[in-house]
Amino acid sequence: MANRYTSKLSWADVTPEHMFLNRRSFMAGTAAFAAGTIASPALSATSEYSTDAEPNTWEEITSYNNFYEFGTGKSDPAEYASALTTSPWAVEIGGMVDKPGSYSFEDIMSQMTIEERIYRFRCVEAWSMVIPWNGFELADLLNLAGVQSEAKYVAFETVLRPEEMWGQKRNFIPWPYREGLRLDEAMHPLTIMATGIYGKDIPNQNGAPLRLVVPWKYGFKSIKSIVKITLTDTQPEASWNMIQPREYGFYSNVNPNVDHPRWSQASERQIGGGLLAKRVPTQMFNGYEEEVAGLYENMDLKANF
């Protein structure tokens, strides 16, 4: 594994989509472009945590989504999410922190260094993508607020605006959408807050302007459009776990050996292959076992699914 880069680059060094898809040209750094729009002071080179797998296209990533606040169909978010107002935006950080308060998106971004993170993405529905996120480590944001020693968990909430997010007018999920991580999971360097895709601002349907990405967990753990983060000493509520605890555990780590009660998790369908899309074996922790298995040492992963 390569050493982690620490140099800071301008947005003129962001790699465009067509070069992400040409991995050899990307790694050789033969071109760059200056079309990025993310409000950030600097961009770090591609992280050592990035996979070498070929990313999905912008169209695939932005048109095939689960974001039930805008409907239950895969194309609904792309059709309806433009109704969401993402500026101004602020995140309330509270609970067991030294500096609780409302942090504006601009203030957060002014203090973060954005990295390119090319991650595998595995949905609990047994489909997968590879997504080139732009973002910063969640640990950096939590450290900005000052995590107190008693904190053990991090709770997250999505914005609640039924006038803009029509799916919230339906009561099949207890809104607002909630998720949570153990503190050591949240502080792990793989865990990021994503602000972009392919060097462009993250689209509304993908969780603008700020979403969580935890690549070794099923996708529903990576909560979108976050407005509240709370540090706590008790395990927080998580929406799907609240609705169906037998089907959606609090941890929801990708595990080919633990099936969903209604389907196998041993393989996954790779988005992007059309009618010829093939199923491939699912990797333990979505391929990040080396980095994260230690977090669950001596835990029964079937009981703590």
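In what order do the five strands of the open sheet run? The views below take up that question in a predicted model.

View 1. The protein holds nine helices and 14 strands. Of its 305 residues, 55% are buried. Taking contacts between residues at least 6 apart in sequence, 72% join residues at least 24 apart. The accessible surface of the protein is about 13,200 Å², and carbon and sulfur atoms account for 49% of that surface.

**View 2. Five strands form an open sheet.** Here is the answer to the opening question: the order is S4-S3-S12-S7-S8, and the pairing is mixed. At the edges you will find strand S4 (101-104) and strand S8 (178-182). Each of these edge strands has a single partner strand, so one side of each is left without a neighbour in the sheet. On average, and with direction ignored, neighbouring strands of this sheet are turned by 20° against each other.

**View 3. Strands S3 and S12 pair in the parallel sense.** As a reminder, strands of a sheet pair through backbone hydrogen bonds, either parallel or antiparallel. Strand S3 covers residues 90-95 and strand S12 covers residues 226-232, with four bridges between them. To find your way in this view, look for glycine 95, which stands opposite leucine 231 in S12.

**View 4. Helix H6 packs on the sheet.** This helix spans residues 138-145 and touches S3, S4, strand S7 (153-158) and S12. Follow helix H6 along its length and compare it with S12: the two directions make an angle of about 70°.

Key. Residues are numbered from 1 along each chain as its sequence is written. This is a predicted model: local features need pLDDT of at least 70, side-chain atom pairs count only at pLDDT 80 or more; totals for chains, interfaces and linings use all residues. Side-chain values use heavy atoms; hydrogens and water are left out. Two strands pair if DSSP finds at least two bridges between them. Axes are lines fitted to C-alpha atoms, for helices over the stretch in contact, and angles run from 0 to 180 degrees between N-to-C directions. Contact means heavy atoms within 4.5 Å. Buried means under 20% relative accessible area, exposed over 50%, partly exposed in between (1.4 Å probe, protein chains only). Accessible areas come from the Shrake-Rupley method with a 1.4 Å probe; for residues, only the protein chains shown count as cover.
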